[in-house]
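Here is a short report on domain layout and backbone geometry. Look over the sequence and the structure first.

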Amino acid sequence: MVIGHECAGIIEEIGSEVKNLVPGDRVALEPGIGCWRCDLCKEGRYNICPDMKFFATPPVHGSLARQVVHPADLCFKLPDNLSLEEGAMCEPLSVAVHACRRANIGPETNVLVMGAGPIGLVTLLAARAFGAPRIVIVDVDDYRLSVANNLGADGVVKVSTNMQDIPEEVERICEVMGAVGVHVTFDCAGFNKTMSTALSATRAGGKVCLVGLGHNEMTVPLTPAAAREVDIIGIFRYKNTWPLCIELLRSGKIDVKPLITHRFGFSQKEVEEAFETSARGGDAIKVMFNL
């Protein structure tokens with residue numbers, strides 16, 4: 001099974017019917033191919049197509065390879081001022097852009113982000129680009145919180161993994177956020193504790209977005225949240241996000257380069273070292289292969 005789904009590259013060959021690309025073009029690849037026949041695809045929600053073919057989702061091989069074959073309409077040309085690394089970062093950024101669209105983030109939306117991992121950090125960047133006036137991010141790790149600070153978070157809160165600490169931590173989150181409170185919370189971790197904290201910290205009438213795939217089952221304070229009309233929104237992958245991501249990067253409204261912390265070649269030794277680096281955590285955020 002070949003893994004990998006965050007990628008960019010240079011066109012080597014094109015099919016006879018491809019009109020919008022030529023060999024030598026630098027492109028970012030959207031990794032999911034919808035069936036374009038089901039009702040969801042026809043409605044434009046191809047990201048939840050039941051017959052989606054997605055890089056590195058069995059039985060479909062991924063993109064951690066020297067060459068891949070991909071539909072031209074899912075290959076997006078990169079402007080001259082963007083690197084292939086930034087092109088590859090369009091994939092995680094797309095998750096955040098889709099989440100911000102689903103939550104209607106704007107200049108009147110205070111945002112709380114649970115988790116300062118790669119997806120939490122790009123969600124911070126996207127929410128700021130969408131106009132969020134105040135963004136607070138929460139994590140258990142001091143280094144990740146320092147990165148969030150450097151990326152422009154308005155406040156950070158270090159938390160524990162202990163469920164009993166939720167009431168005190170919610171109080172601290174609300175203090176850091178300020179009097180207006182949390183309009184939207186993005187849970188980018190997907191644990192019982194993070195979702196419970198999100199539901200408790202979000203103001204009445206707000207929204208909690210579960211970004212990506214967390215625990216399959218959770219025990220959370222759903223009834224109190226429902227009584228305050230807190231909406232829960234699911235976020236799965238993305239749709240029609242690459243053009244906006246490329247424009248946000250081209251214009252400088254978002255800079256993902258600080259998230260790329262390690263770079264490796266594509267020899268067997270370097271590939272193994274790259275995975276070991278990522279598995280260790282520490283200061284690794286995004287580990288990039290340059291083929």
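## Domains and their interface

A salt bridge here is a side-chain nitrogen of Lys or Arg within 4 Å of a carboxyl oxygen of Asp or Glu. By that criterion, zero salt bridges link domain 1 and domain 2. The model is predicted. One residue pair is in polar contact between domain 1 and domain 2, with both residues at pLDDT 80 or more. On the side of domain 1 that touches domain 2, two elements give two or more residues: α3 (90-102) and α9 (242-250). That side has 10 nonpolar residues, one polar and four charged.

Domain 1 covers 7-93 + 239-289, and domain 2 covers 103-234. Their centres, taken over C-alpha atoms, are 27 Å apart. Domain 1 puts 15 residues into the contact and domain 2 puts in 12. About 1,000 Å² is buried between domain 1 and domain 2, and carbon and sulfur atoms give 79% of that area.

## Backbone exceptions

Most residues other than glycine have a negative phi, and most peptide bonds are trans. Which residues does a cis peptide bond join? The pair is P58 and P59, with omega at about 5°. P59 sits in the loop between β4 (53-54) and β5 (75-77).

E229 is not a glycine, yet its phi is positive, about 55°. E229 belongs to the loop between α8 (222-227) and β11 (231-235). Is E229 buried or exposed? E229 is exposed, at a relative accessible area of 60%.

N240 also has a positive phi, near 50°. N240 falls in the loop between β11 and α9. Its relative accessibility is 47%, so N240 counts as partly exposed.

Conventions. Residues numbered from 1 in each chain as written. Predicted model: local features only at pLDDT ≥ 70, side-chain atom pairs only at ≥ 80, totals over all residues. Heavy atoms only, no water. Domains from an automatic or database assignment. Contact = heavy atoms within 4.5 Å. Buried area = accessible area lost by both parts, 1.4 Å probe. Polar contact = N/O pair within 3.5 Å; in protein donor to acceptor, adjacent residues only side chain to side chain. Helix = DSSP H or I, 4+ residues; strand = E, 2+ residues; numbered from the N terminus. Nonpolar A, V, L, I, M, F, W, Y, C, P; charged D, E, K, R; others polar. Buried < 20%, exposed > 50% of the residue type's maximum accessible area, 1.4 Å probe, protein only.
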